[in-house]
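Q: I have a structure open and would like to talk it through. Could you help me read it?

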Amino acid sequence: MKAFEEEAVGISSNERAQMIVARCREIARCTDVEGQTTRKFLAPSMHRVHTLVGGWMRAAGMSVRVDAAGNLRGVLAAVEPHAPRLLIGSHLDTIANAGAFDGVLGVVMGVALAEEMASAGAPLPFAIEVIGFSEEEGVRFGKPFLGSLALVGDLDAATLARTDREGITVAGAIRGFGLDPAELPAAAVDDSAVAYLEFHIEQGPVLESERLALGVADAIAGQTRMTLTFTGQANHAGTTPMGPLRRDALATAAQWVVEVERYANASDGLVATVGKVETGAGAGNVIAGEFIATLDVRHADDDARNAAIRHYLSYAKAAGAARSVSVSYTTSLDQAAVAMDKELTALLGDAVARTTGREPRFITSGAGHDAMIVARRVPSAMLFLRSPGGLSHHPDETVLPEDVAAADAAGVEFLRRLRDDGSVLERIGGAAPGRRHEGIHA
Ligand SMILES: [Zn+2]
């Protein structure tokens, strides 16, 4: 089989990287809000994105379809029809006034890799399916991952009944886009899908601070989001003496907020944030009777995250008890960490080492990604590209072309290894998590 190094393709890795960046910028011009990049789930601009990306897929020799969840899917056939399938993907939707690379880059890189494979001549022993997920950001329906949930057969009836601000349901949005929710079971992958690879911008400062182009995800952190309410007694700031007669909710909460930061600083891999606070009516000459604070805690290890939560709650109660302030809480999100597949991740790390000449940097993703949903059914791996300025979810979000070239080279090396050692995909596929056949629970 012919090697698929760059000379086989006819353009340099530099030119390929420039093309990938240019394609992302072209997609960014498909928007529903003039002057910015805003593309919600199945909004009209998504038709243009499908035409554009679908065109690149077809030109690479892929067969293209849009599934009933609005995911764009291009398949580069393998040498024989029942071969295993490698999925490469990310999302095509955006937040309001987004940058050009969050999500889109992973789809465009998948198409570029398929082009490279196709132009190398001989078909591969596995098929490549590039997926542009219709929804990941959760903007339109307040629930993220609609596209990848459909892929794993978990887009349930309650989700389909959710409504957006105009009162349109998810099922209605699907129909409005010209698709049929009854076809959703056909959007779910079957057992031929044995591995998933996602390229994504880091959306954080770690790689840049270490002057690294690439990072390999070892896990996607688990998350807990809570709201704590500190209840004391509002009273006169001048006539209520200091000491036990004062029930100051704000002073209690302030002590607790500092402890949230101190404990996380002292705990390896833990991030904890009080991002939003609110004090009842509030006045300069009144002791705060009530204080409401959010808490966001993330860690790759669920035990460490749960231990942190227990500490934060007991600390809040103890700080409250000292001032006769009661503390109550509600939990709005409690999501377990998702490990990436060990063998695929090691293989990706090797590919990075081989192509960059440096040991791979393994990194825990603090943000959620499609890979965390896909991993329910398909062993998954993720490669992060440095985010200049650590910036994302912003129109100035960008990538360096040399980092794109490095990611592309690592991707080619990863595919070469899968091609040359046929046992890898077989082994990974056989050990896939939660193999289920019931399809959608609609
Ligand atoms: Zn993203």
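Q: Is Leu 42 buried or exposed?
A: In this predicted model, Leu 42 is buried, with a relative accessible area of 6%. Buried means under 20% relative accessible area, exposed means over 50%, and partly exposed lies in between, with a 1.4 Å probe and protein chains only.

Q: Where does Leu 42 lie?
A: Leu 42 lies in the loop between helix 2 (13-28) and helix 3 (45-59). Helices are DSSP runs of H or I with at least four residues, strands are runs of E with at least two, and both are numbered from the N terminus.

Q: What about the phi of Leu 42?
A: Leu 42 is not a glycine, yet its phi is positive, at about 50°. Most residues other than glycine have a negative phi. Gln 203 also has a positive phi, near 60°, and sits in the loop between strand 5 and helix 8 (206-209).

Q: Before we go on, what should I know about the numbering and the model?
A: Residues are numbered from 1 along each chain as its sequence is written, and side-chain values use heavy atoms, with hydrogens and water left out. As the model is predicted, local features need pLDDT of at least 70 and side-chain atom pairs count only at pLDDT 80 or more, while totals for chains, interfaces and linings use all residues.

Q: New topic: how many salt bridges are there?
A: The structure holds 23 salt bridges. A salt bridge is a side-chain nitrogen of Lys or Arg within 4 Å of a carboxyl oxygen of Asp or Glu.

Q: Which residue does Arg 376 pair with?
A: Arg 376 forms a salt bridge with Asp 154, at 2.7 Å from N to O. This pair links distant parts of the chain, 222 residues apart: Arg 376 is in the loop between helix 12 (370-374) and strand 16 (380-385), and Asp 154 is in the loop between helix 5 (146-151) and helix 6 (157-160).

Q: And how accessible are those two?
A: Arg 376 is partly exposed, with a relative accessible area of 40%. Asp 154 is buried, at 12%.

Q: What does Arg 377 meet in a salt bridge?
A: The side chain of Arg 377 meets that of Asp 191, at 3.1 Å from N to O. The two are 186 residues apart, with Arg 377 in the loop between helix 12 and strand 16, and Asp 191 in the loop between helix 7 (170-176) and strand 5 (193-201). Arg 377 is buried, with a relative accessible area of 4%, whereas Asp 191 is partly exposed at 33%.

Q: While we are in that region, where is Val 374?
A: Val 374 is in helix 12 and is buried, with a relative accessible area of 0%.

Q: Which residues is Val 374 in contact with?
A: Apart from neighbours within four places in sequence, Val 374 is in contact with Phe 133, Ser 148, Leu 151, Val 152, Tyr 196 and Ser 380. Contact means heavy atoms within 4.5 Å.

Q: Now helices: at what angle do helix 3 and helix 4 cross?
A: The axes of helix 3 and helix 4 (residues 104-119) come within 9 Å and cross at roughly 15°. Axes are lines fitted to C-alpha atoms, for helices over the stretch in contact, and angles run from 0 to 180 degrees between N-to-C directions. Helix 3 and helix 4 are therefore roughly parallel to each other. Angles under 35 degrees count as roughly parallel, over 145 as roughly antiparallel, 65 to 115 as roughly perpendicular and the rest as oblique.

Q: How do helix 11 and helix 13 cross?
A: The axes of helix 11 (residues 342-356) and helix 13 (residues 401-420) come within 8 Å and cross at roughly 125°. These two helices are therefore oblique to each other.

Q: Which residues meet there?
A: Among them are Leu 344, Leu 347 and Asp 350 in helix 11, and Ala 409, Glu 413 and Phe 414 in helix 13.

Q: Which salt-bridge network includes Asp 350?
A: Asp 350, Arg 354, Glu 413, Arg 416, Arg 417, Arg 419 and Asp 420 are linked in a network of salt bridges.
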